[in-house]
Amino acid sequence: MTRAELFAQIQKKSSFLCVGLDPDLAKIPARLRSEPDPIFSFCKAIIEETADYAVAYKPNIAFFEALGSKGWETLQKVQELIPRDIFTIADAKRGDIGNTSKLYAKAFFEQMDFDSVTVAPYMGEDSVSPFLEFADKWVVLLALTSNAGSLDFQLIKDETGRPLYQSVLEKSQEWGTPENLMYVVGATRGELIGEVRKVVPDNFFLVPGVGAQGGSLADVAKYGMNSHCGLLVNSSRGIIYASQGKDFAVAARSEAAKLQAEMAGLLARYL
């Protein structure tokens, strides 16, 4: 999917919602656990009820690969179920030496046909560039994440006073373009989203941390939105676990609709 196609979907749906698929067997409704493939049944119901409001889905690969070969089969089925006009993100957080990264890229881009994959930048250009060699595919690079441990490294300053995450942003601009490179920027970082936007004015951000983690959607839009929106705001637990009863999918739809309505207002305000 190209950037223009992604922006067209955002405009069409008045939404920049990404639904995170984190299907935990311990948390999905108990009645699904007796089905042949409970994870697929759960994801299928969530996708069918939220596709009207989502412009992206982000399966968290760990929840699938923890189930072994069966989990990889389920992931493939889930990926094939997502409508083709909706952006897909393999949340795999890969990042290894060049030859290995190339094979990771082939797995997610050729075998599974995801539009994008999350990548860790710590090993530098040769661990990231193999993912950028695929036409109309994207790298979603970890930049300023929302977890507490991000403070261990990402905000460490060099001798010029520049934090590490800014060095990552600046250096990675040499590797890709706004047409194939996005950044993970956590919603819980507040005004720091604006600092990231100053460094990379044209790139899309994948923004976790809204909802269950307490991030403010209004602040994300205020500090992060650009002329083509430039945002994919992810909600996982707040949507997919809105209910554990028989109405779990309907409840997920309701939560997605609430976020979409707020996003529509923010798009009207800033674009």
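In which loop does Asp113 lie? Asp113 lies in the loop that links helix 5 (98–111) to strand 4 (116–119). The model is a predicted one.

- Strand 6 covers residues 181–185 and is mostly covered, with five of its five residues buried.
- The burial applies to both faces of strand 6: Leu181, Tyr183 and Val185 are buried on one side, and Met182 and Val184 are buried on the other.
- Strand 5 (residues 138–144) pairs with strand 6 in the parallel sense, over five bridges.
- Within this pairing, Val139 has Leu181 of strand 6 as its bridge partner.
- Strand 7 (residues 205–207) also runs parallel to strand 6, and two bridges join them.
- Here the bridge partner of Tyr183 is Phe205 in strand 7.

**Crossovers around strand 6**

- A right-handed β-α-β unit is made by strand 5, helix 7 (residues 164–172) and strand 6.
- Strand 6 also belongs to a right-handed β-α-β unit with helix 8 (residues 192–199) and strand 7.

**Helix 11**

- Helix 11 (residues 248–270) has 23 residues, which should span 33 Å at 1.5 Å a residue; the C-alpha atoms at its ends are 33 Å apart, so the two values agree.
- The buried residues of helix 11 are Phe248, Ala249, Ala251, Ala252, Ala256, Leu259, Gln260, Met263, Leu266 and Leu267.
- These buried residues pack against several helices: helix 1 (3–13), helix 2 (38–50), helix 9 (217–224) and helix 10 (237–240).
- They also pack against strand 1 (17–21) and strand 8 (231–235).

**Lys93, the listed active site**

- An unreviewed UniProt entry lists Lys93 under "active site".
- Lys93 is in strand 3 (residues 87–94).
- With a relative accessible area of 44%, Lys93 is partly exposed, because that value falls between the 20% and 50% cut-offs.
- The side chain of Lys93 makes a polar contact of 2.7 Å with the side chain of Asp91.
- Not counting residues up to four places away in sequence, Lys93 touches Thr118, Val119, Ala120 and Leu142.
- Of these residues, Thr118 and Val119 fall within strand 4 (116–119), and Leu142 falls within strand 5 (residues 138–144).

- His228 is in the loop between helix 9 and strand 8.
- The relative accessible area of His228 is 11%, so this residue counts as buried, being under 20%.
- With neighbours within four places in sequence left aside, His228 is in contact with Arg3, Phe7, Asp202, Phe204 and Leu271.
- Arg3 and Phe7, among these contacts, fall within helix 1 (3–13).
- Asp37 is in the loop between strand 1 and helix 2.
- Asp37 is buried too, at a relative accessible area of 9%.
- The side chains of Asp37 and Lys77 are joined by a polar contact of 2.9 Å.
- Lys77 is also one of the residues in contact with Asp37, along with Lys70 and Thr74, once neighbours within four places in sequence are left aside.

- Ser14 is not a glycine, yet it has a positive phi of about 50°.
- Ser14 is in the loop between helix 1 and strand 1.
- At 29% relative accessibility, Ser14 counts as partly exposed.
- Asp113 likewise is not a glycine and has a positive phi, of about 60°.
- Asp113 counts as partly exposed, at 34% relative accessibility.

- Gly245 lies in the loop between helix 10 and helix 11.
- Gly245 counts as partly exposed, at 28% relative accessibility.
- Gly245 and Pro29 are 216 residues apart along the chain, while their C-alpha atoms are separated by 6.1 Å.

Conventions:
Residues numbered from 1 in each chain as written. Predicted model: local features only at pLDDT ≥ 70, side-chain atom pairs only at ≥ 80, totals over all residues. Heavy atoms only, no water. Buried < 20%, exposed > 50% of the residue type's maximum accessible area, 1.4 Å probe, protein only. Helix = DSSP H or I, 4+ residues; strand = E, 2+ residues; numbered from the N terminus. Pairing = 2+ DSSP bridges. Right-handed = clockwise from strand over helix to strand, strands pointing away. Expected span 1.5 Å × (residues − 1). Contact = heavy atoms within 4.5 Å. UniProt positions renumbered as here; feature names shortened; annotations may be inferred. Polar contact = N/O pair within 3.5 Å; in protein donor to acceptor, adjacent residues only side chain to side chain.
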